[in-house]
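Student: Hi! Could we go through this one together, starting with the helices?
Tutor: Happy to. Let's get it on screen.

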Amino acid sequence: MATKVNCLPFTIPTMPRLGLADLEARFRRLSLLMYDTKVPIATLEKEVYPYLARGIEFVNPWRRVRGIETYQVGLSGSRVGVRFDLDISQLDVQLSEPRDAGRTLVDSTLYLRLFPRCAYPVRVILTYDFCMIDGGESFEITRIEEMWRIGDILRSAPLLGRSYDVFRSCSGYLFTGALLLSRAVAVRP
């Protein structure tokens with residue numbers, strides 16, 4: 001006689017269907033599309049916008065915006081201003097422990113093309129926070145942060161760049177002198 005065994009179903013933790021290599025390739029493509037002003041808006045609408053969350057937050061040293069409409073205006077508006085493109089040095093994707101979200105770091109150089117045949121390099125680190133959706137078949141970006149130094153922009157500017165370097169050298173001596181003076185006052189008997 002057969003005995004009926006009452007067992008709970010065994011479940012295996014699900015892995016996202018997109019592997020790390022797939023995510024790296026997609027974030028590389030997204031970055032190159034978003035940070036190249038030669039890319040038409042129609043391409044952004046087709047290949048970038050579907051990955052943006054409704055409440056996306058964008059942060060850089062000059063501004064912070066929230067919401068997909070505001071971010072799309074900024075992304076499409078940058079196509080008519082200063083020309084630039086991106087060169088990626090390194091890209092890394094990490095998934096959270098439950099593998100339902102992650103972060104991508106992109107170490108890159110943005111080439112500002114203010115004048116024909118002149119490119120001014122600015123080092124940029126991009127951070128993308130994202131959530132896996134559709135059972136791990138896709139993702140949506142919830143936050144983008146650009147990190148760059150205003151000093152790099154000043155150094156790259158014609159004429160101003162040399163003055164900026166001289167100012168930094170002089171201020172270095174000034175701060176060192178102030179630190180030496182404060183140390184001398186602090187250790188005075």
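**Helices and a buried threonine**

Tutor: Keep in mind that this is a predicted model. Helix α1 covers residues 20-34, and at 1.5 Å a residue its 15 residues should span 21 Å. The end C-alpha atoms are 21 Å apart, which agrees.

Student: Nice. Which residues of α1 are buried?
Tutor: They are L23, F27, L30, S31, L33 and M34. Looking down the axis of α1, you find these buried residues within an arc of 165 degrees, so they line one face of the helix.

Student: And what covers them?
Tutor: The cover includes two helices, α2 (41-47) and α3 (68-77). It also includes the strands β3 (83-95), β4 (101-115), β5 (118-133) and β6 (138-147).

Student: Let's switch to α3, then. What is buried there?
Tutor: In α3 the buried residues are I68, Y71, Q72, L75 and S76. Down the axis of α3, they fall within an arc of 125 degrees, so they line one face of that helix.

Student: What covers that face?
Tutor: The buried residues of α3 are covered by elements including α1, α2, β1 (52-59) and β6.

Student: New topic: T104. Where is T104 found, and is it buried or exposed?
Tutor: T104 sits in strand β4. Its relative accessible area is 0%, and buried means under 20%, so T104 counts as buried.

Student: What is T104 in contact with, leaving aside neighbours within four places in sequence?
Tutor: T104 contacts F27, L91, D92, V93, L126, T127, Y128 and F130.

Terms used: Residues are numbered from 1 along each chain as its sequence is written. This is a predicted model: local features need pLDDT of at least 70, side-chain atom pairs count only at pLDDT 80 or more; totals for chains, interfaces and linings use all residues. Side-chain values use heavy atoms; hydrogens and water are left out. Helices (H or I, at least four residues) and strands (E, at least two) are DSSP runs, numbered from the N terminus. The expected span of a helix is 1.5 Å times one less than its number of residues. Buried means under 20% relative accessible area, exposed over 50%, partly exposed in between (1.4 Å probe, protein chains only). The arc is that of the directions from the helix axis to the C-beta atoms. Contact means heavy atoms within 4.5 Å.
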